[in-house]
Amino acid sequence: MLQIVKTETAALQAVNDFVVKFANVNGSGSASANQLFAKSILRMGVPVAPRNIFPSNIQGLPTWYEIRVSEAGHLAAREGTDLMVAMNPQTWDQDLASIRPGGYLFYDSTRAIPASRFRDDIIIIGMPLTELCNAAYKDARQRQLFKNIIYVGALAALLDIEIDVIEALLKEQFRAKEKLIAPNIQALHMGRDYAREHLNCPLGLTVRRSGALGEHISIDGNSAAALGAVYGGAMVAAWYPITPSTSLVEAFSKYCAKLRIAPETGKNNFAIVQAEDELASIGMVIGAAWNGARAFTATSGPGISLMQEFLGLAYFAEIPAVLFNVQRAGPSTGMPTRTQQCDLLICAYASHGDTKHVLLFPEDPHECFTFGAQAFDLADRLQTPVFVMLDLEIGMNERLCRPLTWDDSKRMDRGKVMTEADLEAGKLFGRYLDVDHDGIPYRTYPGTHPSKGSFFTRGTSKDEFARYTEAGTAYVANMERLIRKFRTAEDLVPAPQIRSADNATTLGAIYFGSSSAAMREAQELLAGQGVDLDLLRIRAFPFNDDVRHFIDHHDTLFVVEQNRDGQLRTMLINELEPTPAKLKRCVHYDGTPITARHIIDLIEAHLPHRSAP
Amino acid sequence: MTFLPKPKLHHPELAENALGYTRRDYEGAISTLCAGCGHDSISAAIVRACFELDLPPHRIAKLSGIGCSSKTPTYFLGNSHGFNSVHGRMPSVLTGANLANRDLVYLGVSGDGDSASIGLGQFAHAMRRGVNMTYIVMNNGVYGLTKGQFSATSDKGAKSKSGAINRDEAIDLVGLALQLGASFVGRSFSGDKAQLVPLIKAALSHKGPAFIDCISPCVTFNNHQGSTKSFDYVRAHNEAVNFLDVIPAREEITVAFEPGSVEIVRQHDGSLLKLRKLDDTDYNPRDRLAAMSFLAKHREAGEIVTGLLYINPEETELHDQLGTTETPLNSLTEAELCPGSAVLAKLNATLR
């Protein structure tokens with residue numbers, strides 16, 4: 001039953017620096033146990049980056065939960081598993097193959113598995129989980145659920161995780177269902193006691209209490225973006241369910257129910273409508289924003305495709321809109337539960353005709369929050385759609401980040417809106433008049449004044465006073481003003497961030513969004529190999545002069561992104577007109593999150609003098 | 001679609017409404033539709049209805065999609081904000097606008113192509129969602145702006161101007177509106193102002209989705225022999241079930257009604273709808289199922305039933321269902337919207 005196979009390969013040894021992967025079947029209730037495990041390490045002050053790797057399915061298909069434990073704070077995914085908790089016979093071979101030599105396999109040994117199905121260069125730890133559960137519980141559901149807690153208990157013993165920490169977490173988790181606390185703790189102990197008695201504890205991999213975490217918090221990007229929408233003053237949300245953006249609106253709804261109820265009346269200071277499709281969701285957002293509300297939708301690539309016509313209207317009629325695009329692998333239905341950064345072009349130039357849209361690229365939940373709130377100010381200020389470009393990797397995984405902060409003296413920037421008093425005072429109102437020479441005209445909300453300031457909003461060409469015209473001069477003047485407005489946006493959107501190498505270098509890398517953690521890790525590793533690399537993280541489109549200067553001041557630039565065609569590279573070439581050959585396409589797009597190893601391999605492929613021996 | 005401002009010449013003795021506005025204050029630019037277009041009569045009916053209801057013109061928001069019908073908001077209510085959105089999507093834009101400010105009156109104008117073809121989905125969902133609006137379809141059974149193709153409300157067997165016969169079944173928007181939960185459903189004819197104006201007034205004072213299908217012949221492409229949407233055909237087949245009078249909430253009710261022949265419906269805003277039943281029908285506009293059956297039977301017989309076909313003054317609307325605050329959302333400030341740093345600090349603490 002208990003088999004510890006001694007191998008020739010030296011067992012992996014590490015403290016606070018390893019990858020644990022759980023292979024489960026979806027719908028088996030493993031997710032909460034796995035989260036409990038990750039959180040217990042977090043509570044010991046050790047940085048942890050968990051990831052859900054899941055199928056587009058509700059029950060029965062393979063799912064994985066991967067946890068990178070990293071004292072150094074590396075939060076990107078990393079290749080190879082150091083400890084595999086193999087609970088899914090369907091994926092057994094694949095799971096075993098992913099274990100690094102000298103790594104560990106933990107599995108349910110109730111049913112004998114032929115020796116040929118194992119590897120001889122890993123440490124095998126069998127524990128009869130099903131047998132233990134069957135002996136302890138009568139009910140089938142209990143057997144299933146407690147099996148998950150039992151393995152958490154065993155892992156605590158194997159990895160030296162403080163059991164008190166897990167007990168405290170269980171008490172927090174079941175605060176509202178107190179009678180569940182005792183049986184869960186009992187199951188936890190059952191696992192721990194069995195491991196202590198029958199298995200070699202601890203393994204070469206251990207968790208040690210640390211202070212590396214500091215003030216950091218752990219939250220998923222979708223929840224953080226939803227909070228950003230609450231703080232940014234979103235009043236109307238219209239949406240259509242689509243993975244991986246659904247949890248963003250669900251989080252918004254949850255936070256609003258707590259934070260946005262009028263105390264005197266109990267009524268809602270917000271409105272959320274689940275629309276019939278994405279066309280209707282963006283239509284509602286545009287209607288609400290036209291009428292002076294802050295409104296947003298959340299969607300993913302297929303939704304963006306459906307919204308194209310409306311996005312052109314919002315651009316041309318100059319109506320604010322905030323869109324959270326939680327990107328997933330395309331084209332078409334693509335891989336709905338896999339991550340990519342593949343909607344840059346379709347968002348930046350959305351709709352027919354000449355258009356350009358504002359994009360924001362958060363790197364983590366902290367920026368999902370700040371950009372999520374800022375997007376509403378930008379949309380109102382610029383009177384145009386603003387896209388917050390998340391992806392599944394940051395949207396749906398809990399990620400460590402700086403705490404969320406808010407400045408209470410901050411006021412919403414509602415942009416250029418003429419009031420009844422302005423109109424009454426005789427101020428000239430032309431809906432598309434460029435009074436301030438920044439390309440941004442003034443608007444009025446419907447219902448402002450009985451006889452002044454009304455105008456007709458349309459997707460057709462119009463003059464400065466919103467009157468229909470097909471005169472070429474008026475059309476061109478309007479289109480040129482829209483470009484002037486887009487240039488104004490350059491100084492309003494978040495500026496790029498530069499991380500210079502320790503030594504002067506002619507090599508630079510340009511990246512954005514969820515590639516951030518892997519890129520920083522790659523920079524460190526490359527520096528260790530003698531390759532100095534300056535980094536520029538793009539945080540928004542339009543690009544400002546810092547981006548142009550960075551490109552000008554480096555001979556070779558690696559544009560790192562998670563799509564096939566190098567969409568950011570295309571945009572840089574299109575907008576800034578550098579020598580295209582200077583920009584090296586470095587793409588990773590198989591749907592798995594990018595790792596430092598991927599980036600290093602991609603960059604090294606462009607360094608001929610450093611080609612592999 | 002040229003913009004022709006109307007000369008501002010006011011007749012010194014133009015009648016004023018209770019707010020001191022004249023009819024002129026409800027008019028828009030000069031219409032550029034074909035001379036004799038049914039849509040212009042509907043525009044005129046909207047102007048008169050708003051004037052007579054004493055609605056402040058700037059407190060009305062008029063929205064439309066794309067097509068001849070959707071151009072009309074330029075030709076009425078020049079002091080109201082208007083939104084000519086994208087084809088078939090007026091309902092979603094109006095829904096969003098309504099969510100932003102529940103205090104305005106929302107008038108959606110659409111056509112049969114805009115609502116029964118490309119926008120059928122949005123039409124359906126706005127009805128079932130209970131958006132508080134007046135939704136007028138100017139129904140001519142034809143695509144006018146693209147020169148005469150059949151629309152989805154063209155009757156099976158109808159003949160186009162070029163002689164083609166429509167082989168597809170017609171979509172009956174009134175039947176759909178009834179099924180989908182509109183709490184006010186009417187049908188009228190652009191050539192019958194006496195029927196249309198009170199119907200629009202009743203719809204504008206109704207709380208909830210009020211739908212009016214207004215047959216509006218296209219003089220250029222669908223007014224010939226063989227068309228079932230021509231002036232002659234509609235006049236010959238019009239079956240009005242009732243005659244409507246709208247008595248605004250502020251007016252004292254002094255008239256004594258003859259029992260049996262008149263039904264009074266009190267609307268949410270206090271206005272009264274006086275429905276005089278026409279001779280040969282015993283139509284009950286409160287009975288949705290009976291209305292559906294009555295309409296289906298008469299449709300089979302090739303008759304166009306008009307009048308106030310269904311009303312439920314008790315129905316809730318979208319804001320009731322959402323539990324939205326009475327204050328228009330677009331006027332909320334940081335105080336109501338932003339929970340502040342102390343709440344965020346507490347939240348951070350739960351995320352460690």
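A residue counts as buried when its relative accessible area is under 20%. Keep that cut-off in mind as we walk through this structure, which is a predicted model.

**A helix in chain A and the residue after it**

Let's start with helix α19 of chain A, which spans residues 567–576. Its buried residues are A:Q567, A:L568, A:R569, A:M571, A:L572 and A:L576. Just past the end of α19(A) comes A:E577, whose phi is positive, at about 55°.

Most residues other than glycine have a negative phi, and most peptide bonds are trans. A:E318 is not a glycine, yet its phi is positive, about 65°. You will find A:E318 in the loop between α11 (308–317) and β13 of chain A. A:E318 has a relative accessible area of 1%, so it is buried. A:A466, also not a glycine, has a positive phi near 65°. The loop that holds A:A466 runs between β17 (456–458) and α16 (472–490) of chain A. With a relative accessible area of 4%, A:A466 is therefore buried.

Next come the cis peptide bonds. One joins A:T243 to A:P244, with omega about 5°, and A:P244 sits in the loop between β10 and α8 (246–259) of chain A. Another links A:G330 and A:P331, with omega about -5°. A:P331 belongs to the loop between β13 (321–327) and α12 (344–348) of chain A.

**The sheet of chain A**

Chain A has an open sheet of 7 strands with mixed pairing, in the order β11-β10-β12-β13-β15-β14-β21. At its edges are β11 (271–274) and β21 (540–541), each pairing on one side only. Inside the sheet, β10 (residues 236–239) and β12 (residues 295–299) run parallel and are joined by 2 bridges. If you follow A:A237 across to β12(A), its bridge partner is A:F296.

**A closer look at A:N34**

Is A:N34 buried or exposed? Its relative accessible area is 1%, so A:N34 is buried. This residue is part of helix α1 (residues 30–43) of chain A. Setting aside neighbours within four places in sequence, A:N34 is in contact with A:F22, A:N24, A:Y65, A:I67 and A:Y151. A:E424, by contrast, lies 390 residues from A:N34 in sequence and 63 Å from it in space, C-alpha to C-alpha.

| Helix pair | Angle | Axis separation |
|---|---|---|
| α5 (residues 120–129) and α6 (residues 173–180) of chain B | about 40° | 8 Å |
| α1 (residues 38–52) and α7 (residues 193–204) of chain B | about 55° | 9 Å |

At about 40°, α5(B) is oblique to α6(B). The crossing of α5(B) with α6(B) is right-handed. On the α5(B) side the residues are B:L120, B:F123, B:A124, B:M127 and B:R128, and they meet B:L173, B:L176, B:A177 and B:L180 of α6(B). Sorted by class, this contact has 8 nonpolar, no polar and 1 charged residues.

For the other pair, the angle of about 55° makes α1(B) oblique to α7(B). α1(B) and α7(B) also have a right-handed crossing. Residues of α1(B) that take part include B:I42, B:A45, B:I46 and B:A49, while α7(B) brings residues including B:L196, B:V197 and B:I200. The contact of α1(B) with α7(B) has 10 nonpolar, 1 polar and 4 charged residues.

Note on methods
Residues numbered from 1 in each chain as written. Chains lettered and ligands numbered in written order. Predicted model: local features only at pLDDT ≥ 70, side-chain atom pairs only at ≥ 80, totals over all residues. Heavy atoms only, no water. Axes fitted to C-alpha atoms, helices over the stretch in contact; angles between N-to-C directions. Helix = DSSP H or I, 4+ residues; strand = E, 2+ residues; numbered from the N terminus. Parallel < 35°, antiparallel > 145°, perpendicular 65-115°, else oblique. Left-handed = near helix turned anticlockwise from the far one by under 90°. Contact = heavy atoms within 4.5 Å. Nonpolar A, V, L, I, M, F, W, Y, C, P; charged D, E, K, R; others polar. Buried < 20%, exposed > 50% of the residue type's maximum accessible area, 1.4 Å probe, protein only. Pairing = 2+ DSSP bridges.
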